[in-house]
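The sequence and structure come first.

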Amino acid sequence: MERFWGSLKHEWLLLVPQPTRACMKQDVAAYIRYYNLDRNHIANGELSPVCYEQMAEKKVSGLT
């Protein structure tokens with residue numbers, strides 16, 4: 001979780017102007033989608049968290 005907050009802060013919020021609280025709320029929601037669906041993670045074999053979990057579920061369901 002700490003890695004997520006660090007990434008959010010350094011990759012997004014400090015680089016994008018945040019004129020209002022509503023804009024920041026929208027940007028944080030967009031970053032969460034990006035982080036989970038599109039951003040590749042080295043620890044996941046260069047896969048996004050969602051892709052990694054889907055692959056893991058396929059492996060588990062293939063064992064049963």
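## Helix α2

Helix α2 (residues 21-37) has 17 residues, which should span 24 Å at 1.5 Å a residue, and its end C-alpha atoms are 24 Å apart, in agreement. The expected span is 1.5 Å times one less than the number of residues. Helices are DSSP runs of H or I with at least four residues, numbered from the N terminus.

This is a predicted model, in which local features need pLDDT of at least 70 and side-chain atom pairs count only at pLDDT 80 or more, while totals for chains, interfaces and linings use all residues. Residues are numbered from 1 along each chain as its sequence is written, and side-chain values use heavy atoms, leaving out hydrogens and water.

D27, V28, Y31 and Y35 are the buried residues of α2 (buried is under 20% relative accessible area, exposed over 50%, partly exposed in between; 1.4 Å probe, protein chains only). Because they fall within an arc of 105 degrees seen down the axis, they line one face of the helix; the arc is taken from the directions from the helix axis to the C-beta atoms. Exposed K25 and Q26 sit on the face turned away from the buried side.

The cover over the buried residues includes α1 (2-13) and α3 (49-63).

S7 lies in helix α1 and counts as buried at 8% relative accessibility. Beyond its neighbours within four places in sequence, S7 contacts W12, Y31, Y35 and R39 (contact: heavy atoms within 4.5 Å).

R39 and E11 form a salt bridge, 2.8 Å from N to O (a side-chain nitrogen of Lys or Arg within 4 Å of a carboxyl oxygen of Asp or Glu). The pair, 28 residues apart, links the loop between α2 and α3, which holds R39, to helix α1, which holds E11. R39 is buried at 17%, whereas E11 is partly exposed at 34%.

Technical notes:
Helices (H or I, at least four residues) and strands (E, at least two) are DSSP runs, numbered from the N terminus.
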